[in-house]
Amino acid sequence: MDDPGDETYQDATQVLESALAGDEDAVVHTFDSVVDRRGMSAAYDVAWRLAGEMVGDNLARGPWRLDFPDIDDANYDKRWVARFVSAYVNEDAPSGTALFTVALVDGKLPECLLTLAGSAVATLKRRGLAAG
């Protein structure tokens, strides 16, 4: 049996490659495939990994307050991404899970995951870690 961590890594890589190529349908398809194969919790794991890709490996641990000016005026998906990444940075999985669940219930999860994937790619490009 494959290690779920390996599958999560492979799925996150596929999402990032699709987002880098600008293929929103492939991003959505990859998340749908993850849900079909391993359930909604696996899609959460992929999203959490994408947040980790945005943050990078050299984050000093501790409580953080991320400042997103005018975030309350942003679209749902942008607010969601800011809060989801904040949950990741603060190692607050319960908040991340709650955000994921509420977006699912609100019918906004696909839009939020697309924005998360796009934000991750934009961050990696800015750091020079992704071509495109």
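Modeller: A residue is called buried under 20% relative accessible area, exposed over 50% and partly exposed in between, with a 1.4 Å probe and protein chains only. This is a predicted model, in which local features need pLDDT of at least 70 and side-chain atom pairs count only at pLDDT 80 or more, while totals for chains, interfaces and linings use all residues. Residues are numbered from 1 along each chain as its sequence is written, and side-chain values use heavy atoms, with hydrogens and water left out.

By these terms Glu7 is buried, at a relative accessible area of 18%. Glu7 forms a salt bridge (a side-chain nitrogen of Lys or Arg within 4 Å of a carboxyl oxygen of Asp or Glu) with Arg37, and their closest N and O atoms are 2.9 Å apart. Because Glu7 lies in helix α1 (residues 4–20) and Arg37 in helix α2, this pair ties together parts that are 30 residues apart in sequence; helices here are DSSP runs of H or I with at least four residues, numbered from the N terminus. Arg37 is partly exposed, with a relative accessible area of 42%, and its side chain also meets that of Asp11 in a salt bridge of 2.7 Å, N to O. Asp11 is buried, with a relative accessible area of 8%, and forms a salt bridge with Arg38 as well, the closest N and O atoms being 3.0 Å apart. That pair links Asp11 in helix α1 to Arg38 in helix α2, 27 residues apart, and Arg38 is partly exposed at 22%. Through shared partners, the salt bridges join Glu7, Asp11, Arg37 and Arg38 into one network.

Conventions
Helices (H or I, at least four residues) and strands (E, at least two) are DSSP runs, numbered from the N terminus.
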